[in-house]
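I opened this notebook to keep a record of side-chain contacts and strand pairing. Each entry states what I looked up and what I found.

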Amino acid sequence: RMQAAVQAPLPLAEPLNGRVAYNENLTARVSSAVSGRVLSLRAQPGDAVKAGDTLLVLDSPDYAAAVSDLRKAEAEEQRKRQSLERARLLFEGQVIARKELEAAEADANQAQAESQRARARINNLRADGKGSEAGQLPLRAPIGGIIADRQINPGSEVQPGQANPLFVITDLSRLWVLVDLPERNLGAVQLKQEVVVEVDAYTEERFPARVSSIGEVLDPLTRRIQVRCDLANPKRLLKPEMYARVTLLSDERRKAVRLPNSAIVTQGLYSYAFVEKE
């Protein structure tokens with residue numbers, strides 16, 4: 001079989017072991033801030049979502065209590081504001097002393113602060129406290145992307161602080177490749193340097209990437225340092241947690257002829273490649 005030999009940038013070292021990972025700058029791990037039970041699921045793995053879309057609906061007594069606290073605080077704030085207005089009228093008519101007016105102002109300020117605290121609690125839960133049935137909390141997507149993972153089922157109990165997030169939302173068209181670089185190769189790596197990524201699933205494909213970060217600390221056990229590369233994945237062929245082989249490339253001016261291993265014939269101390277001339 002004859003095959004055209006092509007020139008490619010000269011590799012600086014042998015291929016290094018790497019791992020495809022989520023781009024953490026474009027990834028959100030969604031959990032619940034309150035306990036509750038899942039009433040309905042609105043998103044499945046592989047679905048595309050936008051920021052603000054509802055992922056699931058929780059039946060949460062804690063959320064119902066937060067909504068109740070907000071309504072009570074708003075009612076108390078309104079009552080204290082009315083009392084303050086009456087106190088001002090009475091003070092202007094010289095019916096009450098300034099001390100009573102100042103007490104009414106302090107009560108109104110305290111009620112306003114309590115109302116703001118209750119409203120901040122609702123905002124922290126990413127809900128407005130209106131338009132939903134009592135105790136039903138919609139859990140919304142903080143960013144747009146693809147549902148890469150879901151660790152929840154209908155009827156499941158949810159607790160704050162669970163080890164695994166309920167949803168992982170990410171942009172799978174842009175990934176990271178993490179490389180454990182040996183100490184001896186550290187001098188060959190620079191920021192924005194081009195690399196080539198290969199995986200076993202696509203033996204004929206070579207995915208270009210670029211070094212975006214070089215670790216500052218060496219692992220004392222493995223004597224390796226982590227290098228992060230940005231990888232474009234428009235066809236979504238590569239999947240997070242795939243193992244990869246990463247080859248560091250020199251600049252574009254230094255090129256070499258790239259041959260498959262099957263084209264090299266070894267005889268004694270020398271290796272040969274056949275070239276078709278006619």
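The entries below treat the model, its sheet, its salt bridges, its aromatic contacts and a surface patch in turn.

**Entry 1. Basis.** I worked on a predicted model, in which local features need pLDDT of at least 70 and side-chain atom pairs count only at pLDDT 80 or more, while totals for chains, interfaces and linings use all residues. I number residues from 1 along each chain as its sequence is written, and side-chain values use heavy atoms, with hydrogens and water left out.

**Entry 2. Sheet.** I looked up the strand order of an open sheet. Its 4 strands follow the order E3-E10-E8-E5, and the pairing is antiparallel. Strands here are DSSP runs (E, at least two residues) and helices likewise (H or I, at least four), numbered from the N terminus; two strands pair if DSSP finds at least two bridges between them. The edges are strand E3 (27-30) and strand E5 (48-49), each of which pairs on one side only. Strand E8 (residues 145-150) and strand E10 (residues 167-170) run antiparallel and are joined by 4 bridges. I noted that Arg 150 is placed opposite Phe 167 in E10.

**Entry 3. Salt bridges.** How many salt bridges does a search of the whole structure find? It returns 13, a salt bridge being a side-chain nitrogen of Lys or Arg within 4 Å of a carboxyl oxygen of Asp or Glu. I looked up several of them individually.

Arg 29 and Glu 24 are joined through their side chains at 2.8 Å, N to O. For exposure I used relative accessible area with a 1.4 Å probe and protein chains only: buried is under 20%, exposed is over 50%, and partly exposed lies in between. Arg 29 is partly exposed at 43%, and Glu 24 is partly exposed at 36%.

Arg 37 and Asp 59 form a salt bridge of 3.7 Å, N to O. This pair links distant parts of the chain, with Arg 37 in strand E4 (residues 36-41) and Asp 59 in strand E6 (residues 54-59), 22 residues apart. Arg 37 is partly exposed at 35%, as is Asp 59 at 30%.

Arg 117 and Glu 114 form a salt bridge whose closest N and O atoms are 2.7 Å apart. Both residues lie in helix H2 (residues 98-124), 3 residues apart, or about one turn of the helix. I also recorded a network, in which salt bridges with shared partners join Glu 76, Arg 79 and Lys 80.

Entry 4. A search of the whole structure gave 1 aromatic pair. It consists of Tyr 202 and Phe 207, edge-to-face, at 6.3 Å centre to centre with 75° between the planes. Rings of Phe, Tyr and Trp (its six-membered ring) pair if their centres lie within 6.5 Å; planes under 30 degrees apart are stacked, over 60 edge-to-face and the rest tilted. Is Phe 207 buried or exposed? Phe 207 is buried at 9% relative accessibility, whereas Tyr 202 is partly exposed at 26%.

I then looked up a charge over a ring. The charged end of Arg 228 sits over the ring of Trp 176, 4.2 Å from its centre; the criterion is NZ of Lys or CZ of Arg within 6 Å of the ring centre and within 35 degrees of the ring normal.

**Entry 5. Surface patch.** Val 265, Leu 269, Tyr 270, Tyr 272 and Phe 274 form a nonpolar patch on the surface, with about 660 Å² of accessible area together. Patches are made of residues with over 30% relative accessible area and no salt bridge, like charges being joined within 9 Å and nonpolar side chains (Val, Leu, Ile, Met, Phe, Trp, Tyr) within 5 Å. Accessible areas come from the Shrake-Rupley method with a 1.4 Å probe; for residues, only the protein chains shown count as cover. Tyr 270 lies in strand E18 (residues 270-272) and is exposed at 54% relative accessibility.
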